[in-house]
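Me: I am new to this structure and would be grateful for a close look at one part of it, namely the aromatic rings and what surrounds them. Please give one connected account.

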Amino acid sequence: MIFDRDERIYWEDKVIAYLHDSPDKMFFIPGHEERAAELIESLGLQKPNFEKYRQADAIAAGFERGFLPPYSKDENKNGAVSMLVSPYLTHPISHTDPLLLRFPDDFPKTRDEKIAKASADTVNAALIEFMHKALEAEPVLSRTVDEPPYAKRLFFYLHLALRFRLSSENICGLGAFWHRIPADTRIPDHSIWQHNALTSALSSCSDIGKGLEDVALMSYSITPVQSYINSARRLRDFWTGSIILSWLAFEGIVWVMENLGPDHILYPSLIDQPLVRLYLT
């Protein structure tokens with residue numbers, strides 16, 4: 001291992017940072033950290049100290065959205081939007097109308113805080129129940145396997161597989177919306193998974209370095225691509241050249257995934273990529 005660290009602690013911290021915001025947050029913001037802690041503890045990890053991830057969370061939010069007024073019980077100051085009343089997904093540079101979501105009848109269209117809290121509690125309870133079943137049924141999550149560490153396998157599952165499992169089993173009747181649950185109701189153009197992954201990556205970089213002041217983004221490319229492909233004379237040669245370049249890039253990505261975590265790859269997205277699916281099997 002190139003890093004001088006405790007592997008178990010490193011990956012446990014990543015899981016905790018990744019789940020610092022519970023997926024049910026969009027339904028009711030107050031108490032979302034307590035619900036996240038409940039989920040984390042149900043996975044056999046210690047109760048988190050969210051203050052450790054607060055700065056990474058703030059930086060991740062700054063990457064993804066502007067700073068707008070936060071949630072407040074005072075409607076004149078409240079910057080949050082009720083997704084039960086106005087369930088729209090948007091994109092800041094889209095010229096089309098926002099996407100209207102249609103939730104099951106279990107999610108009534110109301111601003112009543114007690115009902116909104118009950119909706120969030122229902123989603124969180126269903127997620128905890130689903131993960132309990134996954135821990136028993138998914139061989140990759142077996143606690144009896146020593147290597148790689150349980151928390152590392154759990155992190156890969158949470159980031160690369162969980163949204164697909166929740167969607168395919170239609171948990172809470174949300175279906176494919178599990179892929180798009182927004183991280184923030186004020187600017188619902190990015191998912192909770194995207195935000196949590198960036199927070200986890202920033203937090204891990206801070207732990208490896210000397211704090212968040214050591215964190216940086218790196219852009220890497222394999223060149224020259226065009227001159228390499230242009231040497232092809234047949235379609236098969238073009239295809240082969242493209243596959244070789246893709247494979248070389250993916251080998252570098254695998255190192256990052258194994259040693260830092262798949263959350264450290266911002267682009268290209270690793271979600272549902274064929275080479276990633278092959279790697280996971």
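Reply: Two rings of Phe, Tyr or Trp (for Trp, the six-membered ring) are taken as a pair if their centres lie within 6.5 Å; planes under 30 degrees apart make the pair stacked, and planes over 60 degrees apart make it edge-to-face. By this rule, 11 aromatic pairs are found. The model is a predicted one.

Y18 and F155 are both buried.

A second pair is formed by F27 and F107. Their ring centres are 4.9 Å apart and their planes are at 15 degrees, so this pair is stacked. F27 is in the loop between α1 and α2 (32-42), while F107 is in the loop between β2 (99-100) and α4, so the pair ties together parts 80 residues apart in sequence. F27 is buried, with a relative accessible area of 5%. F107 also counts as buried, at 6% relative accessibility.

Ring pairs join Y10, W11, Y18, F155, F156, W247, F250 and Y279 into a cluster.

The charged end of K14 sits over the ring of F155, 5.0 Å from the ring centre. S200, a residue of helix α7 (residues 192-208), is in contact with K14, A17, Y18, F155 and D263, leaving aside its neighbours within four places in sequence. S200 counts as buried because its relative accessibility is 1%, and the limit for buried is under 20%. Elsewhere, a charge is again found over a ring: R143 lies over the face of Y150, at 3.9 Å from the ring centre.

F63, L217, L266 and Y267 make a nonpolar surface patch of about 530 Å². Of these residues, Y267 is in the loop between α9 (235-259) and α10 (274-280). Y267 counts as exposed because its relative accessibility is 75%, where exposed requires over 50%.

Most residues other than glycine have a negative phi, and most peptide bonds are trans. The peptide bond from Y267 to P268 is cis, with omega near 0 degrees. P268 is placed in the loop between α9 and α10, and S269 lies in that loop as well. S269 counts as partly exposed, at 39% relative accessibility. D272 is partly exposed, with a relative accessible area of 43%.

A positive phi is also found at N170, which is not a glycine, with a value of about 55 degrees. N170 is in the loop between α6 (162-168) and α7. At 41% relative accessibility, N170 counts as partly exposed.

Charged side chains complete the surroundings. Side chains of opposite charge can pair when their charged atoms come close. The whole structure contains 17 salt bridges. Among them is the bridge between R65 and E64, whose closest N and O atoms are 3.8 Å apart. R65 counts as buried at 9% relative accessibility, and E64 counts as buried at 14%. Another bridge joins the side chains of R186 and D184, at 2.6 Å from N to O. Here R186 is partly exposed, with a relative accessible area of 23%, whereas D184 is buried, with 8%. E64, R65, D184 and R186 are linked in a network of salt bridges.

A further bridge lies within a helix. K133 and E129 form a salt bridge with their closest N and O atoms 3.6 Å apart. Both residues are in helix α4 (residues 113-137), 4 residues apart, about one turn of the helix. E129 is partly exposed, with a relative accessible area of 45%.

Note on methods
Residues are numbered from 1 along each chain as its sequence is written. This is a predicted model: local features need pLDDT of at least 70, side-chain atom pairs count only at pLDDT 80 or more; totals for chains, interfaces and linings use all residues. Side-chain values use heavy atoms; hydrogens and water are left out. Patches are made of residues with over 30% relative accessible area and no salt bridge: like charges are joined within 9 Å, nonpolar side chains (Val, Leu, Ile, Met, Phe, Trp, Tyr) within 5 Å. Accessible areas come from the Shrake-Rupley method with a 1.4 Å probe; for residues, only the protein chains shown count as cover. A salt bridge is a side-chain nitrogen of Lys or Arg within 4 Å of a carboxyl oxygen of Asp or Glu. Helices (H or I, at least four residues) and strands (E, at least two) are DSSP runs, numbered from the N terminus. Buried means under 20% relative accessible area, exposed over 50%, partly exposed in between (1.4 Å probe, protein chains only). Contact means heavy atoms within 4.5 Å. A charge sits over a ring if NZ of Lys or CZ of Arg is within 6 Å of the ring centre and within 35 degrees of the ring normal.
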